[in-house]
Amino acid sequence: MGDHELHPVDEAQSERGRAIVQAAVAQTRAPLGLRERIEADRARARPARRRWALGGSFAAVAAAAVLAIVLAGGGGGGGPGGRQAAAAGRRGPGAAPPAVHGTHPGLLKRSVGGVSYPSWQAKFPWHASGAREDKLDGRRAVTVYYENPQNARIGYTIVDGEPLDEPAGSRTRQGDEHYVVLKRGDRTVVTWRRGGHTCVLSAPASVPREKLLALASWSGTEIT
Amino acid sequence: MSEARQLDPDSLGDHVDRLYRAAWGLCGSREDAEDLVQETYAKVLAKPRFLRGGDDLGYLMRVLRNTFYSSHRTAQRRPQTTAMPEDFEPADRRTAQRPEEALEARGVFEAIVGLPPDFRDALVAVDVAGLSYREAAKLLGAKEATITSRLFRARGHVAAGMDRGRSSVLEEKN
C-alpha cells in the first residue's frame, strides 16, 4: 500500500472503512491465555491484599458469609467454617427450582434486584434443581442450584443490595464484565457483578474453570 | 492541575482488550500482539506509577507504543513465522463459531498494519483503542485536526485494502 498519496479518499469510502474497522474491533478480544499471564504478573506485583474471607468490614463479612453458604449448599466440604455455613449446610436447597421463563427460554422465573437467573439447559447440560433464600446482615441472598447428568451441583447466588468488595483471586474479563476466580477447598468459585449486584457461582473442582466462566458469562439473554 | 494519583494495578485488566487490538494493529500478528501487551503490562507493573487525571488508557497506550517502537521493530528484523489459516485460533470465543468473521478481522488488521505509520497510528489510537481525538492528538504529538485528517484517509485506505483483498480472493476462486 505504497500509493496512498495518489488515491483520494471520498467520504463514503472513509465511512465504510470506519464501519469495517469497528466490526473487526467488536469481534476481537484478548485471548484468555494473555489475560491469565497478565493476571499472574499482576498478582506477583501487588502487595499482600486483604483476603475475601478475612477482615472486619461489613462487605468482607458478608462476602465470607455468601461464600460459606454457597460452598455449604453446593455440597462441597472444605469451605470456611462457622455457624452460618453449618446452618446453611443443614438447610440445603429447601425450595423447588424456579420454572423456565415462558417468553424468555434462556431465563428462569426468578430474579434478584432485576438480575435474572439463567436457564442453561438449552445450551449446557445443567438444569435448575432447587433454590434457597438467606439473609446476610439484612441482605437477601438467593441461591439457585443446578445439576448436570453426573449429579454435580452448582450454586448460583445473587446478593441483593450494593455489590460486595471483590475478593482477591484470578481476574479475567469477558465483554463488559470481569470475573474473579477462586479455589476454596474442593470448590471453584467465580464471582462477578451484574446489574449492580454481586453474583457468585460455586462448583465442584471437577467442573473446569473455562466451563464455569462460560456459565457465568452466559446471561440467558442470548436465547429469545 | 489535578493531583497525581497512583495507577491502580487492579484496574489495569479493564484495558486488556483495547491494548491487544491496538497491539495487533501495530504488530500485524496476534502472537506479537500478545507479547507486546504482556511486555507493556510488565513494564507498568514493575514499579508504582503516578498519573494526573483519569487517563489510564492513554498512559497504557503510550507505554505500548514506546515498547513497540523500541523493541518490536528490532524483533521484526528477525525471521518471522506466520500462523497458517488452519492454525488460526479465534481470539474471541464468540467468533469460534464464526471462523469467517475471525478471518475477516484478521484481514482488517493486516490492512491496518499496511497503512503508512502516521495513518496507522491515528486509526489505531482512535478507532481501535478507543481514544478520543484529543487523547490521540496528545499521544501522537499532533494537532486534533491532523488526527482527523489522517483518520479520514486511513479509514478510506482500509476500505480500499479490504476491497482489493476480496477481489484477489474472487480471482483466485475463478
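A residue counts as buried if 20 or more other C-beta atoms lie within 10 Å of its own, exposed if 12 or fewer, and partly exposed in between, with C-beta atoms placed from the backbone. Keep that handy for A:A45, which is partly exposed because it has 16 other C-beta atoms within 10 Å. This is a predicted model, where local features need pLDDT of at least 70 and side-chain atom pairs count only at pLDDT 80 or more, while totals for chains, interfaces and linings use all residues. Residues are numbered from 1 along each chain as its sequence is written, and chains are lettered from A and ligands numbered from 1 in the order in which they are written.

**Where the chains meet**

- Chain A puts 31 residues in contact with 40 residues of chain B (in contact: C-beta atoms, placed from the backbone, within 7 Å).
- On chain A's side, the elements giving two or more residues are helix 1 (11-26), helix 2 (32-45) and strand 6 (170-174) (DSSP runs numbered from the N terminus: helices are H or I, at least four residues, and strands are E, at least two).
- Helix 1 of chain A gives the most to that side, with 10 residues.

**A look at A:A45**

- You'll find A:A45 in helix 2 of chain A.
- Leaving out residues up to four places away in sequence, A:A45 touches B:P9 and B:L45.

**A look at A:N151**

- A:N151 sits in the loop between strand 4 (139-147) and strand 5 (153-159) of chain A.
- Its phi is near 65 degrees, a positive value in a residue other than glycine.
- A:N151 counts as exposed because it has 8 C-beta neighbours inside 10 Å.

Technical notes. Contact = placed C-beta atoms within 7 Å.
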